[in-house]
Amino acid sequence: MGFSEEDRRFMRRALALAGRGRGMTNPNPMVGAVVVKNGKIVAEGFHRGPFTPHAEAEAITQAGGEAEGSTLYVNLEPCNHQGRTPPCTEGIIAAGVRRVVMAASDPNPAVRGGGEERLRGAGLTVESGLLAAESSLLNEAYEKHVTTGKPLVVVKMAATADGKIAARNGESRWITGEKARRMVHAMRRESDAVLVGRGTVQSDDPELTVREVPLRGARPPLRVVVDSRLSMPLHCRLAQGGVPGVIVATTPAGDEAKAERLRERGVEVMVLPGSRGRVDLAELLTSLGRREVARLLVEGGPTLVASLLDEGLADRLCLFIAPRVFGDAEARSWAEGREVTGLEKGLPLRWRGTRRVGEDLLLMADTGERRLGCSPG
């Protein structure tokens with residue numbers, strides 16, 4: 001069955017509403033709902049996070065008696081199971097909604113199709129597939145998490161036009177401009193955790209907090225450091241613990257005395273299997289996934305980034321390019337540590353687009369086998 005331009009307009013509104021929950025809904029998806037009667041919107045809602053009403057429930061409550069005989073537009077299949085909130089399907093049926101138009105089925109294998117089946121069984125007209133690609137892009141982190149148990153891994157790097165992340169003396173602040181830095185904070189805001197390596201801690205002493213954009217209900221992301229031998233200095237900012245929480249991933253070879261000092265400060269020390277003397281990154285992603293980290297932002301450094309790309313663990317690259325050139329062979333590049341003996345050894349990227357961010361350029365690419373969009377900020 002074809003969809004009308006009016007259907008598209010109302011679904012776009014549902015998607016726009018869903019996007020208001022960015023950074024707030026994990027472990028749930030972002031969902032927006034619009035109740036339409038006689039060609040006019042009578043109510044709408046979006047999901048604001050765990051233990052709050054789902055978008056459909058909020059919209060139907062707002063609609064009241066106007067919900068009877070209406071059409072409900074929702075970007076994701078209404079749930080049909082009792083979770084932290086009651087099943088949305090029962091509320092939709094009880095309200096007398098006549099038709100449900102949804103963008104996509106729930107990708108969660110445990111519930112996929114159940115909501116649609118319940119609504120059809122109750123006699124409602126259910127149509128699916130309207131703006132499905134847009135809905136999938138919006139909830140790509142949720143989709144990866146519920147289907148693999150691991151987070152969507154977004155690698156963010158900033159470099160000069162010749163690929164350098166710092167001068168040979170280590171100076172790197174600030175390669176990119178103010179607007180690019182603000183966008184990075186927006187990317188942190190929508191992430192569940194931010195990951196760096198020990199080298200970045202040593203050279204930059206970052207806080208990894210969201211500062212240049214308001215949180216607006218989003219939870220501050222966990223801060224995660226990969227440090228195979230626990231050689232990070234105890235005087236650095238991340239070693240002080242605090243809120244949001246800090247996790248240091250290490251191996252059994254890590255300094256146990258330092259681990260105890262870190263734990264005393266409230267830092268969680270996560271001991272993981274070692275792979276070639278380094279933290280097993282696949283195990284780290286699995287462990288973070290168990291903690292409901294669905295979206296992970298990686299902010300360096302070049303060795304960690306190269307390892308994630310080489311092992312096929314990154315999903316996306318967001319590379320900010322500053323309008324300057326170093327031309328210095330001794331300055332570090334944004335990915336290092338691999339030995340490439342021929343062009344065929346290079347790791348493939350699939351360019352998705354470019355974006356001007358102030359004076360800088362943002363290059364966006366898929367990595368590995370997944371083909372994903374890139375919509376930072």
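**Close-up views of a predicted model**

Phe 10 and Tyr 73 are both buried, where buried means under 20% relative accessible area, exposed means over 50%, and partly exposed lies in between (1.4 Å probe, protein chains only). The model is predicted, so that local features need pLDDT of at least 70 and side-chain atom pairs count only at pLDDT 80 or more, while totals for chains, interfaces and linings use all residues. Residues are numbered from 1 along each chain as its sequence is written, and side-chain values use heavy atoms, with hydrogens and water left out.

**View A. The aromatic pair of Phe 10 and Tyr 73.** Rings of Phe, Tyr and Trp (its six-membered ring) pair if their centres lie within 6.5 Å, with planes under 30 degrees apart counted as stacked, over 60 as edge-to-face and the rest as tilted. By this rule there is 1 aromatic pair; Phe 10 and Tyr 73 form it in a tilted arrangement, 5.3 Å centre to centre and with 45° between the planes. Because Phe 10 belongs to helix H1 (residues 5-19) and Tyr 73 to strand S3 (residues 71-76), the pair ties together parts that are 63 residues apart in sequence; helices (H or I, at least four residues) and strands (E, at least two) are DSSP runs, numbered from the N terminus.

**View B. Charged ends over the rings of Phe 10 and Trp 174.** A charge sits over a ring if NZ of Lys or CZ of Arg is within 6 Å of the ring centre and within 35 degrees of the ring normal. The charged end of Arg 9 sits over the ring of Phe 10, 4.5 Å from its centre, and that of Arg 181 sits over the ring of Trp 174, 4.6 Å from its centre.

**View C. Glu 77 in the loop between S3 and helix H3 (88-95).** Polar atoms of the Glu 77 side chain lie 2.9 Å from the backbone nitrogen of Gly 115 and 2.9 Å from the backbone nitrogen of Glu 116. Leaving aside neighbours within four places in sequence, Glu 77 is in contact (heavy atoms within 4.5 Å) with residues including Met 102, Val 111 and Arg 112.

**View D. Leu 319 in strand S14 (residues 316-321).** Leu 319 is buried, with a relative accessible area of 6%. The C-alpha atoms of Leu 319 and Ala 158, which are 161 residues apart along the chain, are separated by 5.8 Å. Beyond its neighbours within four places in sequence, Leu 319 is in contact with Met 157, Ala 159, Trp 334, Leu 361, Leu 362 and Leu 363.

Definitions and conventions: Polar contact = N/O pair within 3.5 Å; in protein donor to acceptor, adjacent residues only side chain to side chain.
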